Amino acid sequence: MRGPQWLERGMHHVWLPYAQMQTAPSPLPVVATQGRTITLADGSELLDGIASWWTACHGYNHPHIRQAVQAQLACMPHVMFGGLVNEPALTLATRLAALLPGDLERVFFTDSGSVAVEVAMKMAIQYWLNRGERGRTRLLAFRGGYHGDTMATMAVCDPDEGMHSLYAGALPEHFMAELPVDAASTQALDNLLAQSAGQIAAIIVEPLVQGAGGMLFHSPDVLLTLRQLADRHGVLLILDEIFTGFGRTGTLFACEQAGIVPDIITLSKALTGGTMALAATVARRHVFEAFLSDNPLHALMHGPTFMANAMACACANASLDLFACEPRLTQVAQIEAQMRSELEACRHLPGVVDVRVMGAIGVVELARIADMNALKAALVAQGVWVRPFRTIIYLTPAFTITPAELSRLTAAIHTVLAHQGQV
């Protein structure tokens, strides 16, 4: 069946993400979304199992968020944040400061997760520069980690995972270590910090789950260890909660499970319920105070054109309303229990090396995926939208998914792995 004219015309001009354009199969044309359903141009429907890269936590087109967008559009879709402010942004900053632990109270808005991480990196390095310490220009990151695709954030991603390996030599060099998951790795990290803390501005880590690195889980004890090591050696701690923030791991923020407060935290993805682009970098009081001076060079010189976009902030406020008045974390716990039960059947299939679940994240890890495009097509043929990567098939559904819908997703994964010969 031929696709709609806009698809055939536009594909000659668009450049798709994470795709070798010469060989990649044609993307599926979407004309509508509702709840957990994606409607294609031919009228067929797919049940979304990954909430559009983990963003649509309330499902698509939630009426409360849609109403907030419409109301804000009617009065002011955007105004620059340089010298001007708007009510949705200031209200959102106040609400985020109240929800986050400790004195994480100064919110810098951006419009993407990668930029939020870059701002966190700049904050950390300039924190020390403003205090007169000029040697702390590097960060300490972890193998298996992912923090974005921009030039600065690529430099703190796992250097060997392949996606960014072509840029070796073009990126700044930072310290790379193993997560402190046992006594040996903890001691190695302690030694590295003892030797090099004078060069390190901050430690950066994805708390509990290293997402794009392969949905790699670690315990809250790892975060507690990192907080202790950061304090012992006098470096800042940045938690990248772009994926984990807003309920995905079972608590509103992943750091709550360790009972720690990072010096800087980054947020995005589910911040607006998947409706509009928005991100935030939030700093503790002592970090912010290092930028207060009569020296203009001590200011944070960063200002995205669309930062604190009024419509996006209205979306985020509406999303926070839903977390406050609807049982999102209870729903996450129910999703976790159901996925633990239903995905377990995959553990005994040929080629499966692990099945793991945390909050509303379910992972089936394979020894290898022989034909990624064929695997994706087989899942679509089951009527579900699930996008495997590396050697994993994962689910990160909307928190509003019904038990019957979730069973459709888990059954589709089991069926494909059992009968399609993809591993």
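**Questions on terms and values in a predicted model**

Student: What makes the approach of the side chains of D240 and H147 a polar contact?

Tutor: The side chain of D240 lies 2.8 Å from that of H147. A polar contact is a pair of N or O atoms within 3.5 Å; within protein, one must be able to donate a hydrogen and the other to accept it, and residues adjacent in sequence count only if both atoms are side-chain atoms. The value of 2.8 Å falls within the limit, so the pair is called a polar contact.

Student: On what basis are such values given?

Tutor: The model is predicted, so local features need pLDDT of at least 70 and side-chain atom pairs count only at pLDDT 80 or more, whereas totals for chains, interfaces and linings use all residues. Residues are numbered from 1 along each chain as its sequence is written, and side-chain values use heavy atoms, with hydrogens and water left out.

Student: Why is D240 called buried?

Tutor: Buried means under 20% relative accessible area, exposed over 50%, and partly exposed in between (1.4 Å probe, protein chains only). D240 has 6% relative accessibility and therefore counts as buried. The residue lies in strand β10 (residues 236-240); helices (H or I, at least four residues) and strands (E, at least two) are DSSP runs, numbered from the N terminus.

Student: Which residues is D240 in contact with, leaving aside neighbours within four places in sequence?

Tutor: Contact means heavy atoms within 4.5 Å. On that basis D240 is in contact with V117, Y146, H147, V205, E206, P207 and T266.

Student: What is known of G113, and is this residue buried or exposed?

Tutor: G113 belongs to helix α5 (residues 113-130). Its relative accessible area is 14%, so G113 is buried. Residues up to four places away not being counted, G113 touches I242, S268 and A279.

Student: Where does the UniProt annotation "binding site" fall?

Tutor: In the unreviewed UniProt entry, that annotation covers G113, S114, D240, P304 and T305. These residues span 193 residues in sequence and the farthest two C-alpha atoms are 22.7 Å apart, so they do not all gather at one spot. UniProt positions are given in the numbering used here, feature names are shortened, and annotations may be inferred rather than shown by experiment.

Student: Which residue carries the feature "modified residue: N6-(pyridoxal phosphate)lysine" in UniProt?

Tutor: The unreviewed UniProt entry places that feature at K269. K269 lies in the loop between β11 (264-267) and β12 (279-284).

Student: Why is K269 not called buried?

Tutor: Its relative accessible area is 25%, so K269 is classed as partly exposed. Neighbours within four places in sequence left aside, K269 is in contact with W53, W54, T55, I242, F243, G274 and L278.

Student: How do you know on which side of helix α12 its buried residues lie?

Tutor: In α12 (residues 372-381), L375, A378 and L379 are buried. They cover an arc of only 100° around the axis, which puts them on the same side of α12; the arc is that of the directions from the helix axis to the C-beta atoms. Elements covering these buried residues include β15 (384-385), β16 (392-395) and α13 (403-419). A378, at 10% relative accessibility, counts as buried.

Student: What makes D371 a cap of α12?

Tutor: A side-chain oxygen of D371 lies 3.3 Å from the backbone nitrogen of N373, at the N-terminal end of α12. The helix is followed by G383, whose phi is positive, near 85°.

Student: Why are β13 and β16 described as standing at the edges of their sheet?

Tutor: The open sheet has three strands in the order β13-β14-β16, with antiparallel pairing. β13 (352-358) and β16 each have a single partner strand, so one side of each is left without a neighbour in the sheet.

Student: Why is β13 regarded as largely enclosed?

Tutor: Five of the seven residues of β13 are buried, so the strand is largely enclosed by the rest of the structure.

Notes
Pairing = 2+ DSSP bridges.
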